[in-house]
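Let's take a walk through a protein chain together.

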Amino acid sequence: MHVVLHLIPKKYLIGGALILLGLSGLLLMGTFVAITGGFESQNEQGEVTEIEGGGIGVGTANVSSEVMRYQPLLEKYAQKHGLDTSYVPIMMALMMQESGGRGSDPMQSSESYCDGTVGCIKSPELSIDKGVLHFKSVLEKAKYDLKLCLQSYNFGPGFINYVMKNGGKYTPELAISFSQMQYQQVKYTGKYHCVRPEMIPYEACYGDALYVSAVLKYYTGTIAADGKPMTPSGGGSGSKSGVKVIEAGETLIGKTRYVFGGGRSQSDINAGRFDCSSFVRWAFEQVGVNVGPLSGVTTDTLKTQGQAINPKDMKPGDVVFFDTYKIDGHVGIYVGDNKFLGCQGKTGVAIASMEKGTYFGDKFNGRVKRF
């Protein structure tokens, strides 16, 4: 999708790679290598973990509230289209780069949905439906090379064919050379211009050759070597530490009372005043897992953490969500046998049933996260 992007990183540091590529037939590519040695972000989000290799693992989207509100829809359509919901954080980062979550087409899906026509989508939900479907299609064509998928979301699927003919793996150099090649074919139209000033000398003005790094500014996470979603390797909920979380939480049974907004100061904790999300945070803190700041934890911040788990694969220590007074209005810790540990209004910290036909069983929305 050819979108005028809003965030411009600083110029690349000039590397010495051109010297190493002395063969005259590779001179042009050497130039691209020289300008893509590395760069710094001007974005206030700061640096993110460098991600190597194929697909996505446990990750967090560092995005605006405008994008965050679309997380439930992204998860809904990921499930509808058979895409593992572990990819939702990276799609949130993509949406942040595309639109910041604003407008009627936040995933900029019109071109892929309407055969190149810009602006045909007028509904955010339709944008997300078609955007997730397009993301999945590109991801599969890219053989789960996530960086290739992201760049192709911007350039179009032709970039995948180009990469497959030139080594079979995304590199920044190939992105720049493809942009330069494509621009030579369309610059006569006058419709294309460089969205990044540093690309002007190289006439790499087709799409955004630096789209991958622009998206990853909004994502912190890990990548599985095989390009598929991966489960955290030990130490998280759903493992032995998950049992320890339950054991820690159970020490508060019968010693607390539910207070909406409680549990966000040491005095509240000492007095046994918690709400659902502050209790979950406290329990994980006892086993050395930080899931957010004490003063700012909510069900909405908790649901952005960790890895999405299919409800049929729930294990003790996983975090479960319920649609009560709002979507994801209540949260607790799964203990097994269709029961969870949480801080509820009438009981304080207690174990409650999730069986069908019970209050929380009927309110369980299927969202399960593993920290």
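The paragraphs below go from the whole chain to its strands, salt bridges and cysteines.

Please keep in mind that this is a predicted model. The chain holds 16 helices and ten strands. Of its 371 residues, 52% count as buried.

Now find strand β7, which covers residues 330-336. Six of its seven residues are buried, so the strand is largely enclosed by the rest of the structure. On one side, look for strand β6, residues 319-322: four bridges join β6 to β7, and the two run antiparallel. Within this pairing, V320 stands opposite G332 of β7. Strand β7 also pairs with strand β8, residues 339-344, through three bridges, again in an antiparallel arrangement. Here G336 has K339 of β8 as its bridge partner. The hairpin of β7 and β8 has two residues between the strands, and D337 takes a positive phi near 55° there.

Next, move to helix α3, residues 65-68, where you will find M68. Is M68 buried, partly exposed or exposed? Its relative accessibility is 22%, so M68 counts as partly exposed, given that buried means under 20%. Leaving aside residues up to four places away in sequence, M68 touches V63, M92 and T304.

Let's turn to charged side chains. A search of the whole structure finds 14 salt bridges. One of them joins E125 and K76, with the closest N and O atoms 3.0 Å apart. E125 sits in helix α7 (residues 124-141) and K76 in helix α4 (residues 71-80), so this pair ties together parts that are 49 residues apart in sequence. E125 is partly exposed at 30% relative accessibility, and K76 is partly exposed at 43%.

Another salt bridge stays within one helix. E285 and R281 meet at 3.4 Å, N to O. What separates these two along helix α14? They are four residues apart in this helix (residues 276-286), so about one helical turn lies between them. E285 counts as partly exposed at 41% relative accessibility, whereas R281 counts as buried at 9%.

A further pair is R370 and D318, whose side chains meet in a salt bridge of 2.8 Å, N to O. This pair links distant parts of the chain, 52 residues apart: R370 is in strand β10 (residues 364-370), while D318 is in the loop between β5 (307-308) and β6. R370 is buried, with a relative accessible area of 7%, and D318 is buried too, with 0%. Salt bridges can also join up into a network, as you can see for E75, D300, K303, K326, D328 and R367.

Finally, look for the cysteines. How many disulfides does a search of the whole structure find? There are two. In one, C114 and C120 have their sulfur atoms 1.7 Å apart. The torsion about this S-S bond is about 80°, so the disulfide of C114 and C120 is right-handed. C114 is buried, with a relative accessible area of 19%, and C120 is partly exposed at 29%.

The sulfur atoms of C194 and C205 are 1.8 Å apart, and these residues form a disulfide as well. Its torsion is about -75°, so the disulfide of C194 and C205 is left-handed. Both cysteines lie in the loop between α10 (172-186) and α11 (211-216), so the bond ties together parts that are eleven residues apart in sequence. C194 and C205 are both buried. If you number the bonded cysteines in sequence order, the pairing reads 1-2, 3-4.

That leaves C276, which is in no disulfide; the nearest cysteine sulfur belongs to C343, 7.7 Å away. C276 is buried, with a relative accessible area of 5%, and C343 is buried at 0% relative accessibility.

How values were computed
Residues are numbered from 1 along each chain as its sequence is written. This is a predicted model: local features need pLDDT of at least 70, side-chain atom pairs count only at pLDDT 80 or more; totals for chains, interfaces and linings use all residues. Side-chain values use heavy atoms; hydrogens and water are left out. Buried means under 20% relative accessible area, exposed over 50%, partly exposed in between (1.4 Å probe, protein chains only). Two strands pair if DSSP finds at least two bridges between them. Contact means heavy atoms within 4.5 Å. A salt bridge is a side-chain nitrogen of Lys or Arg within 4 Å of a carboxyl oxygen of Asp or Glu. A disulfide is a pair of cysteine sulfur atoms within 2.5 Å.
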